Amino acid sequence: MALLGRRILPAPGRTDMMPGMGGFLLRRVAFGLLVLFVGLSGCFLFFASKYPPLYYEPLGHAYWVWLRGLPSGHSLNDGLLAGHQLSAVGSAFGRTLLLLVVTLVIVLLISVPLACLSAANRGSPFDFLVRCLSYAVWAVPVFLAATIGQEGLGRVPGGWGLPWFPYVGWAGDCPNGQGIDEHNFQCPSGGHGLNHVGLVLDHLALPAMVLALGFIGLQARYLRSALLDALDAPYVTVARAKGLPERVVVLRHAVRNALATFVPALVSDFGLIFGAALAIDFIFQLGGIGSLFINSLKLNAEGFVPIDSYALVFALLLAGGLMVIVSILGEVALWMLDPRTRPD
Amino acid sequence: MASVETQAVTAARPVHSRRSSTRLWPRLLRQPAALVSGFVLIAIFVIGAIEPQITPTSASRIHLGSQFIDNPPAFSLSWHILGTDGIGRLVLVRTLEGLHTSEQSALAATLIATLIGVAIGGFSGYRGGSADAMLMRFADMLGIFPALLLLLAAYTYFTPVTVPKASLILACYLWIPVARVVRAEITTLRDREFVQAARSLGASDRRIFFRHLLPNASATIIIAATTLLGQVIMIEALIEFFGLGVPAEITPTLGNLIGDGQRNVLALAWGWWTWAGPAVLLVIILVCANLLGDGVADALRPQRQR
């Protein structure tokens, strides 16, 4: 893997990797912002006609009020949750982001070795087993995996499983899930410093593992297929003919080239992972974007509090912004991995 | 020189449905997993379709005397085999009712999404130019928002959600992947020799599109539609699970039965059978749909095969 790392990063002194990168990035960011703005405007117009705070206004005026409030942040912060929204949504965004990062690390740490092993031993029982398992775990809906994981590995009062992980909630949050006696329950402390980091990871471990489960199989299958293409290519035959050990052939030549196919697949699946993360977030009550969003919709569906179109658009902005950032990062990675994709 | 002429003439002949089907079946026969899962899927869907005829009419009745705690699954050949739920309804019958609704909306949504995707993707790919750019940017724009958030927002906007409404909402978002692949396929086919030959023979745009381009893109469309089916079932179950779709009291679906079961009993600990039935059925359907989608893709695109 050390060899692999050295090959991916540009060697010191080699600057031919980057020409045109600045302009490319600038264009991508500008386009992303434009798409985000148009999309959010569409969503706002759609929802503002029905939900407070502006539904009584004519649509054009409502849009103007929203547009005027955008630069100062009023349009994001002034809804029914006035004042609280920015801080609440900010921390929710951080939590969702952390969940996604931990999940991606788990997915990559497991799926890359799995794919390398099964591609190197094509047609072996191991390969077959990995394929079968990947189909099996991919077909389990994320909410099912989450509840089974929660009951089986969470510390639930009166549960039957292995009490290894916290049942719901974030470090320092008061859980209010099913089966918790609210009168005899003391809110746990979030800890300080390293202790806090440990507690956060403890609360994140189970949700991240459940979320990663389905995607490990999927990504391993993509990478395996890309690796098989690479292993059939002439340069691999050349590498073998030079007498390189198989380990070096796979890790340094095949994986390096397969990544150019794998990274776009991973990036295009990010939407799926993100969507699943929102569901996981709600089931484990992590207090991320998913909980925030679904809780506010839930109240509306029950008929208590009508939803706030400002809050809705803000949540969509955060989610869409994250997707845009990830797609740009994916393109940058592809730019670095595969010179053929660079526009002249 | 003569060969060039014959080549052009043969290539200009439209692909007839009979020819493509004789090519599809032998290839599909070499995909045993896809074949088996296809048959299982069809069997499940047929059972779901005839569900109102086979289940006893009194099954949905509430029996407060036979609550779930006293009625675990019993290994007997009767409707009681999966036990009863919180208010004494038979779980097996409820599951089949859920299957009936879920398959209706999943098939309808897949069909509508495929039709929209083929129409938009085909138009966009065939026309090219600014119409193409605008339609695809629109698809990109919808695509940057996570499906779950946008669909949940749409579901609440259109409350109360009924089954046809839910299918339409899903289809209005999920046409995007179909449109993308159809557009890509039509764009490459548009410049091929057989289309040029047809055009030089004076064929109209409509004829070229429906007689030459669409039949040749049929493999891509079938793959996109079968892949979409699994996604539709998964996303719909997810939304229903949160209780934001059609209410379980009125119209049970697989998703809201699972969600309802888990909210009403203390999940796995007691009364697990109230939701395990629909959950297992859902997983079987998803496994079959995914295997079928992959198998069809392997059969129709031999270069993808491993």
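Let's start with confidence in chain B of this predicted model. Of the elements in chain B, helix α5 of chain B, residues 91-127, has the highest mean pLDDT, at 90. At the other end sits helix α1 of chain B, residues 2-12, with the lowest mean, 45. Staying with that region, the pLDDT is below 50 over residues 1-12 of chain B, and in the model this stretch makes eight contacts beyond near neighbours in sequence. Residues 16-21 of chain B also have a pLDDT below 50, and that stretch has three such contacts. A friendly caution here: where pLDDT is low, the predicted coordinates should not be read in detail. For chain B as a whole, the average pLDDT is 79, and 79% of the residues score at least 70.

On to the complex. The predictor gives an ipTM of 0.76 and a pTM of 0.80.

Finally, over to chain A. Chain A has 13 helices and zero strands. Buried residues make up 36% of the 344 residues in chain A. As for the contacts in chain A with a separation of 6 or more, 69% of them come from residues 24 or more positions apart.

Thanks, everyone, and I'm happy to chat.

Note on methods: Residues are numbered from 1 along each chain as its sequence is written. Chains are lettered from A and ligands numbered from 1 in the order in which they are written. This is a predicted model: local features need pLDDT of at least 70, side-chain atom pairs count only at pLDDT 80 or more; totals for chains, interfaces and linings use all residues. pLDDT is the predictor's confidence in each residue, from 0 to 100. Helices (H or I, at least four residues) and strands (E, at least two) are DSSP runs, numbered from the N terminus. Two residues are in contact if their C-beta atoms, placed from the backbone, lie within 7 Å. A residue is buried if 20 or more other C-beta atoms lie within 10 Å of its own, exposed if 12 or fewer, and partly exposed in between; C-beta atoms are placed from the backbone.
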